[in-house]
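Subject: Structure for your review

Dear colleague,

Please find below the structure that I am handing over to you. I would be grateful if you read the notes that follow with the structure open beside them.

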Amino acid sequence: MNIIKFFLIVATIVKADSPVTPPAFIWGAELPKSPTIFEFVNTKMLFEMLRPLQEQHMIIAYFATELTAKDFSCLEPDCFEFLRQLRPFNFYSQVHQPLVALRRISPVIWVEEREALLQLPCQKGEIHAYNFTDRNLKEHDNLMKAVSNTLTSCPLVQIYTAHTEEFWAMKRRHDRFYLKGSRRQLARVAKNSLAPVSTVLRHNLGVVSVEKIVLAEEVKQGLTIVYKRTEVAVIDDAPLQVVLVDERNINSGFALVISSSMGPIYIQVMPTMGNWRLSRIVFNENVTFIPRDLLFYSKKFSFCCRLFTTYSELGARLSLYMFHLDVVLNNYFSALDPDYVPKECWLCEQFLTPGITQGIFSALILLLILAIGASMLLSIGRNKRFSSANEPELYVKGYAER
């Protein structure tokens, strides 16, 4: 029984231990090049590469709090301006515990202050280390440039790495290998989870129901683009507001105002050819979000959409899930009445988009051209205008004169 408990404890420890492999940028000496960017450098390999350089060089290691290989692939002109100009250099995208390798070579001398790092004398055989306390990569580059200019006459090997990877990158890899649940577990969790409840907002002229609102903001990290998603909470206590374009007539257009945790959300609805059209949404400090497709519905129906997504010029997206809108045009009814029954749904799903329409039209033109060409090829046959053998020969003036 004790043996089983021991193995369970060891398995738990191994499972909880996530591999920490931050990238490393090394310059000042010739080192073996990595054959690919995916090459993994363990602690022993880094120790064997740096150990012969210790006696004749001074080693300075800069440790950031979090660092990934994507941080070096940025395209901004001021991004790692100093490191880009270094020749030769060595870049390893995954180095397992670089601090452990340095401690195996020699005791590491930590430099606490920035000024003390800039005043270091040339000391061969010693390893100095400095910790960055922020994620300002531009300041990191400027400090490494200043240290290099101070120790220009010293045989110096410098390493720019981190203690850990970026948290989300490490978490994604950890989840990929260790937190893969079976289909039965996922189905059991989905079965036991409660369904989300929609928030219903009422006004005398209309009623709105929405399950949740998600704001996705574009964040550029080097060559990749990720989206930071934030769930916008709808305030239940605040009533729904309806702002009319013409105070005397709702048919001229209106705007719905929904109060949220990040500010009011303005949904503009305008009349179009006897129908209602959701033209735009204004949210997040007057940022305009426009739907990609033309979203309209008849005035005899209510608007129902499982997912209603709009886009801004800055690349952000605002999505409204399970969105329902009903407008009261009859003065004898009021949406504030609990017994009010909304009109039938007009679904926003479009099965024939402008892109599909253009594709079908282009395909029909190509098929027509192909049919004309095929008919022309099939019509090629024997020439029927040749003279028959039973008919007399043609009279030629040249033969008659002879």
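How many residues does the hairpin that joins β9 to β10 pass through? The hairpin between these strands has two residues. Please bear in mind throughout that this is a predicted model.

Strands β9, β10 and β20

Strand β9 covers residues 199–203 and runs antiparallel to β10, with five bridges joining them. Within this pairing, Val-200 is placed opposite Ser-209 of β10. Strand β10 also pairs with β20, again in the antiparallel sense, over four bridges. Here Ser-209 has His-324 of β20 as its bridge partner.

Is strand β10 mostly covered or mostly open? Strand β10, residues 206–210, is mostly covered, as five of its five residues are buried. The cover extends to both faces: Gly-206, Val-208 and Val-210 are buried on one side, and Val-207 and Ser-209 are buried on the other.

Salt bridges

There are two salt bridges in the structure. One of them joins Asp-326 to Lys-343 through their side chains, with an N to O distance of 2.8 Å. This pair links distant parts of the chain, 17 residues apart: Asp-326 belongs to strand β20 (residues 317–327), whereas Lys-343 sits in the loop between β20 and β21 (345–347). Asp-326 has a relative accessibility of 2% and therefore counts as buried, the cut-off for that class being under 20%. Lys-343, at 26%, counts as partly exposed.

A salt bridge is also formed by Arg-248 and Asp-246, whose closest N and O atoms lie 3.8 Å apart. Arg-248 has a relative accessible area of 79%, so Arg-248 is exposed; the exposed class begins over 50%. Asp-246, with a relative accessibility of 25%, counts as partly exposed.

The second largest pocket

What is the volume of the second largest pocket? The volume of this pocket is about 280 Å³. Its lining consists of 13 residues, and those nearest the centre are Asp-293, Cys-305, Leu-307, Phe-308 and Thr-309. Strand β19 (residues 302–311) supplies the largest share of the lining, namely six residues.

Yours sincerely,
A colleague

Note on methods
Residues are numbered from 1 along each chain as its sequence is written. This is a predicted model: local features need pLDDT of at least 70, side-chain atom pairs count only at pLDDT 80 or more; totals for chains, interfaces and linings use all residues. Side-chain values use heavy atoms; hydrogens and water are left out. On a 1 Å grid over the protein atoms alone, a cavity is a set of points where a 1.4 Å probe fits but cannot get out, and a pocket is an open set with protein on both sides within 12 Å along at least five of seven lines; lining residues have an atom within 4 Å of a point. Grid points are joined across faces, edges and corners, and a volume is the space filled by probe spheres set on the points. A salt bridge is a side-chain nitrogen of Lys or Arg within 4 Å of a carboxyl oxygen of Asp or Glu. Buried means under 20% relative accessible area, exposed over 50%, partly exposed in between (1.4 Å probe, protein chains only). Two strands pair if DSSP finds at least two bridges between them.
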